[in-house]
Amino acid sequence: MTRELLVQNIMVNYKKYGVTEKMINDLIDSGIAAGQNYDGIYLGIKLALSKLYNEEFYCTSSEMAKAFGSSEDEMDQLIEESRKELIATGKNPDEYFWTTPSTKFMM
C-alpha cells in the first residue's frame with residue numbers, strides 16, 4: 001500500500017464524518033515515526049475511525065498478514081489458534097473471526 005492509496009481509501013469511507021486529509025496525514029506521520037508500515041497504519045486508522053463513528057470494523061487475513069509482515073498462511077494459522085483459545089475460555093470465536101466465501105477469476 002502507498003501513502004496515497006491509504007489516504008484515498010480512508011477519505012472515501014470517512015470524509016462524510018468530517019475527516020480531513022490533514023488529519024489522516026498527521027496519523028500516517030505518527031505511524032511512520034513509530035516504525036509501522038502503511039498496511040499497519042491503514043488498519044489502525046480504520047479500526048480507530050470505525051470505533052469512533054460506531055461502524056463495524058472488518059479486515060481480511062490477507063490485510064492482517066501485510067500489516068504484521070507475515071504470510072497469509074501464518075496469519076490463518078494464528079487465527080485458528082486464536083479461535084481455539086476463545087473456545088477454551090467459553091467465548092464464541094464467530095463473534096471475532098469468520099470465514100466468507102470468495103470467488104477467483106481466471107483468464
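These questions and answers walk through one predicted protein model. Residues are numbered from 1 along each chain as its sequence is written. Local features need pLDDT of at least 70, side-chain atom pairs count only at pLDDT 80 or more, totals for chains, interfaces and linings use all residues, and side-chain values use heavy atoms, without hydrogens and water.

Q: Which helix has the highest mean pLDDT among the elements of the protein chain?
A: pLDDT is the predictor's confidence in each residue, from 0 to 100. Helices (H or I, at least four residues) are DSSP runs, numbered from the N terminus. Helix H4 (residues 61-68) has the lowest mean, 90. The highest, 97, belongs to helix H2 (residues 21-33).

Q: Why are H1 and H2 called oblique to each other?
A: Axes are lines fitted to C-alpha atoms, for helices over the stretch in contact, and angles run from 0 to 180 degrees between N-to-C directions. Angles under 35 degrees count as roughly parallel, over 145 as roughly antiparallel, 65 to 115 as roughly perpendicular and the rest as oblique. H1 and H2 are therefore oblique, as they pack at an angle of about 130°.

Q: Which residues in H2 meet H1?
A: Contact means heavy atoms within 4.5 Å. From H1 come Arg3, Leu6, Val7, Ile10 and Met11. Their partners in H2 are Glu21, Ile24, Asn25, Ile28 and Asp29.

Q: Which side chain makes a polar contact with the side chain of Arg83?
A: Arg83 lies in helix H5 (residues 72-88). A polar contact is a pair of N or O atoms within 3.5 Å; within protein, one must be able to donate a hydrogen and the other to accept it, and residues adjacent in sequence count only if both atoms are side-chain atoms. The Arg83 side chain also reaches the backbone oxygen of Phe97 at 2.9 Å. The side-chain partner, at 2.8 Å, is Asp94.

Terms used. Helices (H or I, at least four residues) and strands (E, at least two) are DSSP runs, numbered from the N terminus.
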